[in-house]
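Please open the model in your viewer and keep the selection panel at hand. The tour below moves from one selection to the next and says what is to be found at each stop.

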Amino acid sequence: MLSVSHLQKRIGGKTIIEDISFELYAGEVFGFLGPNGAGKTTTIRMLTGLVSADGGQILIGGYSLRDHFPQAIAQVGCIVENPEMYKFMTGWENLEHFARMSGGIGAERIAEVVRFVELEDAIDAKVKTYSLGMRQRLGIAQALLHRPKLLILDEPTNGLDPAGIRDLRRTIRRLAEEAGLAVFVSSHLLSEIELMCDRVAIIQKGRVISVGAVRELMEQYADQVDWQIAERGRQKALEVLRALPAVREVGTLPDGTIRCRMDAEQVAAANKALVAAGVEVRQIAARTVTLEDLFMLLTTGGAGDGREHVQPGAE
């Protein structure tokens with residue numbers, strides 16, 4: 001549904017987007033992650049036609065956004081930053097107003113999107129009485145009115161409480177799974193992206209540095225295992241662990257803890273090898289890598305738990 005190839009953008013002589021490429025398919029939720037200033041919002045503004053690209057290509061449903069703008073943008077529904085509604089009007093009146101802008105959208109379609117976002121009980125109340133979560137769902141309803149095939153959401157969970165985040169996550173998953181939409185979500189809430197998205201692209205300084213299925217990306221880095229070893233056995237432990245095929249990236253932390261990456265199911269075998277070599281193992285702590293760990297590793301080179309200073313050499 002969406003194909004982005006070698007996208008570029010310069011603003012005021014500064015390169016904001018250097019080289020961004022990815023694809024998004026019908027029926028999937030695609031996360032777009034990056035630290036502040038990485039180029040997320042600029043990319044979204046180019047995808048929605050709010051600013052033009054200086055290089056590269058954007059195809060939406062097979063149509064070039066540059067060469068066939070009306071056909072391409074007609075397939076897009078979006079909320080950039082916050083959904084803006086007329087607060088003195090009811091939810092239904094707002095949707096009627098936006099429906100008139102698109103044309104050919106009747107009361108039946110309005111009622112359909114209201115049911116989908118589960119706002120039936122509040123749709124006749126004035127928007128000024130809505131919670132932030134309800135306004136977000138009304139914004140999604142408005143974006144769905146013209147039956148788009150691609151939905152773009154910029155930081156949709158900003159400001160929501162845990163219940164609102166859960167409800168919005170469920171709505172987004174239903175859009176992909178039941179309605180078959182391609183959903184593009186920009187967010188800084190890594191835990192939510194991990195729960196919500198099928199695939200993610202991580203960007204840094206205007207470039208895509210990693211893209212793929214969430215689980216597959218995390219599995220590339222295996223689990224993190226910390227070994228508390230008696231001081232006299234640490235050198236031997238390093239030698240034993242480095243010799244094991246299942247172990248990766250062995251090193252020591254400032255407090256003497258030996259840290260490595262390996263699959264959790266191999267920890268027992270590694271412990272057996274250490275004991276057989278006469279190493280006194282005092283404690284083992286295994287931790288599954290999270291999307292936050294991966295994000296920090298790719299964007300800053302550090303781990304996500306504040307203990308990133310691992311010395312790769314022996315003591």
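In which hand does helix 3 pass helix 4? The crossing is right-handed, where right-handed means that the near helix is turned clockwise from the far one by less than a right angle, and left-handed that it is turned anticlockwise.

**Before going further**

This is a predicted model, in which local features need pLDDT of at least 70 and side-chain atom pairs count only at pLDDT 80 or more, while totals for chains, interfaces and linings use all residues. Residues are numbered from 1 along each chain as its sequence is written, and side-chain values use heavy atoms, with hydrogens and water left out. Helices (H or I, at least four residues) and strands (E, at least two) are DSSP runs numbered from the N terminus.

Colour the model by pLDDT, the predictor's confidence in each residue on a scale from 0 to 100. The protein averages a pLDDT of 87, and 93% of the residues score at least 70. Over residues 303-315, however, the pLDDT is below 50, although this stretch has 37 contacts in the model beyond near neighbours in sequence; a contact here means heavy atoms within 4.5 Å. Where pLDDT is low, the predicted coordinates should not be read in detail.

Two packed helices are described by the angle between their axes and the distance between the axes. The axes are lines fitted to C-alpha atoms, for helices over the stretch in contact, and the angles run from 0 to 180 degrees between N-to-C directions.

Select residues 91-102, which are helix 3, together with residues 107-116, which are helix 4; their axes come within 10 Å and cross at roughly 125°. That makes helix 3 oblique to helix 4, since angles under 35 degrees count as roughly parallel, over 145 as roughly antiparallel, 65 to 115 as roughly perpendicular and the rest as oblique. Show the side chains of W92, L95, E96 and A99 in helix 3, and of A107, I110, A111, V113 and V114 in helix 4, which make the contact. By class, this contact of helix 3 with helix 4 has eight nonpolar, no polar and one charged residues, where Ala, Val, Leu, Ile, Met, Phe, Trp, Tyr, Cys and Pro count as nonpolar, Asp, Glu, Lys and Arg as charged, and the others, Gly among them, as polar.

Helix 3 and helix 5 pack at an angle of about 25°, with their axes 10 Å apart, which makes helix 3 roughly parallel to helix 5. Here G91, L95 and F98 in helix 3 meet L138, A141 and Q142 in helix 5, and the residues of this contact divide into four nonpolar, two polar and no charged.

Zoom in on strand 11 (residues 223-229) and strand 13 (residues 258-262), which pair in the antiparallel sense over five bridges; Q224 stands opposite R261 in strand 13.

With both helices shown, helix 9 and helix 10 pack at an angle of about 135°, with their axes 10 Å apart, which makes helix 9 oblique to helix 10. The contact is made by A237, V240 and L241 of helix 9 and A270, A273 and L274 of helix 10, and its residues divide into six nonpolar, no polar and no charged.

Select strand 1 (residues 2-11), where H6 has its place; phi of H6 is near 50°, a positive value in a residue other than glycine. Five bridges join strand 1 to strand 4 (residues 55-60), and the two run antiparallel. The bridge partner of Q8 in strand 4 is G55.

Strand 4 and strand 5 form a hairpin with two residues between them, and G61 in the turn has a positive phi of about 60°.

How values were computed: Pairing = 2+ DSSP bridges.
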